Amino acid sequence: MVAIRKALTVAGSDSGGGAGIQADLKTFQELGVYGMSAITAVTAQNTLGVQGVFPLQADAVKAQLESIAADLAPDALKTGMLFNSEIIRTVAGQVRAYGWDKLVVDPVMVAKGGAALLQPEAVDALVGELLPLALVVTPNIPEAELLSGMPIVSIQDRKAAARIIHAMGPGYVLLKGGHGPDSETVTDLLYDGTGFTALESPRIPTRHTHGTGCTYSAALTAALAGGASVPEAANLAKAFISAAIGDGLGIGSGHGPTNHFAFRNRQVRERG
């Protein structure tokens, strides 16, 4: 019997289904990994924006993680929206206690429409408590600017910021380029502490990009749970998110979700 690989997402709930635990679980399923979740907050949101954020108590997050650890230990896990320093410290403590070493940290700070998903006081906890435990951290350019404390304009700026973030403790930094200057190519940089690997894809002109960061990091987590190396997982995640954006669903009146079916559908077409 083939062993069932398991992945855990520790993140907020998106009522619109495009980001957060909903996006993560869809991605895990599409990549053949059993998905589990520990919810940190409930959000009321849709493609037009976030209408409300309702964080859980840290004890509720801890209880979820304890239940998972007792019976369904994950092969890899990721964090998304953590909201405040108390939740971050709780999650970091559980990761240390259970020795979960395949941790992907998506440092979710701001929603697509501009709503704050991480309290300003929590950034220090993220840097001091969670990043040193991460195998991979996956900031976009605005998040990398906040973490590194420097403006990012050029590719050289991205490399400098990645070095600063890597010095905070993660094994790898995957700095996503989707927020970069308008060009025909999106370049993500994977930094392992010694060298950079560029992951490139065509830039797709669309407003339907809600949940791209969650989906990208979830695909990375699923691949790690399946036994892939970090570079292998990054390449698969890049292909997954490129398909999800490229074959858009076109739903919602604002920033619509990506298409979590797209990667598998493309594979079926290629085989067929």
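What is the volume of the largest cavity? About 40 Å³. Before I go on, keep in mind that this is a predicted model.

Searching the whole structure for cavities of 30 Å³ or more turns up one. Around the largest cavity you'll find Thr 79, Gly 80 and Leu 82, then Asp 106, Pro 107 and Val 108, and finally Leu 118 and Leu 126. Sort that lining by residue type and you get five nonpolar, two polar and one charged.

Next up, the aromatics. The whole-structure search gives three aromatic pairs. Take Tyr 191 and Phe 196: their ring centres are 4.3 Å apart and the planes sit at 20°, so this pair counts as stacked, because the cut-off for stacking is under 30 degrees. How exposed are the two partners? Tyr 191 has 8% relative accessibility, so we call that one buried. Phe 196 comes in at 24%, so that one is partly exposed. And Phe 196 has another neighbour to look at: the charged end of Lys 159 sits over the Phe 196 ring, 5.4 Å from the ring centre.

Last stop, Thr 43. Where is it? In strand β2, which covers residues 34–46. Buried or exposed? Thr 43 is at 3% relative accessibility, so it's buried. Now look at what the side chain is doing. One of its polar atoms lies 2.6 Å from the backbone oxygen of Ser 13. The Thr 43 side chain also makes a polar contact with the side chain of Gln 45, at 2.7 Å.

Definitions and conventions: Residues are numbered from 1 along each chain as its sequence is written. This is a predicted model: local features need pLDDT of at least 70, side-chain atom pairs count only at pLDDT 80 or more; totals for chains, interfaces and linings use all residues. Side-chain values use heavy atoms; hydrogens and water are left out. On a 1 Å grid over the protein atoms alone, a cavity is a set of points where a 1.4 Å probe fits but cannot get out, and a pocket is an open set with protein on both sides within 12 Å along at least five of seven lines; lining residues have an atom within 4 Å of a point. Grid points are joined across faces, edges and corners, and a volume is the space filled by probe spheres set on the points. Ala, Val, Leu, Ile, Met, Phe, Trp, Tyr, Cys and Pro count as nonpolar, Asp, Glu, Lys and Arg as charged, and the others, Gly among them, as polar. Rings of Phe, Tyr and Trp (its six-membered ring) pair if their centres lie within 6.5 Å; planes under 30 degrees apart count as stacked, over 60 as edge-to-face and the rest as tilted. Buried means under 20% relative accessible area, exposed over 50%, partly exposed in between (1.4 Å probe, protein chains only). A charge sits over a ring if NZ of Lys or CZ of Arg is within 6 Å of the ring centre and within 35 degrees of the ring normal. Helices (H or I, at least four residues) and strands (E, at least two) are DSSP runs, numbered from the N terminus. A polar contact is a pair of N or O atoms within 3.5 Å; within protein, one must be able to donate a hydrogen and the other to accept it, and residues adjacent in sequence count only if both atoms are side-chain atoms.
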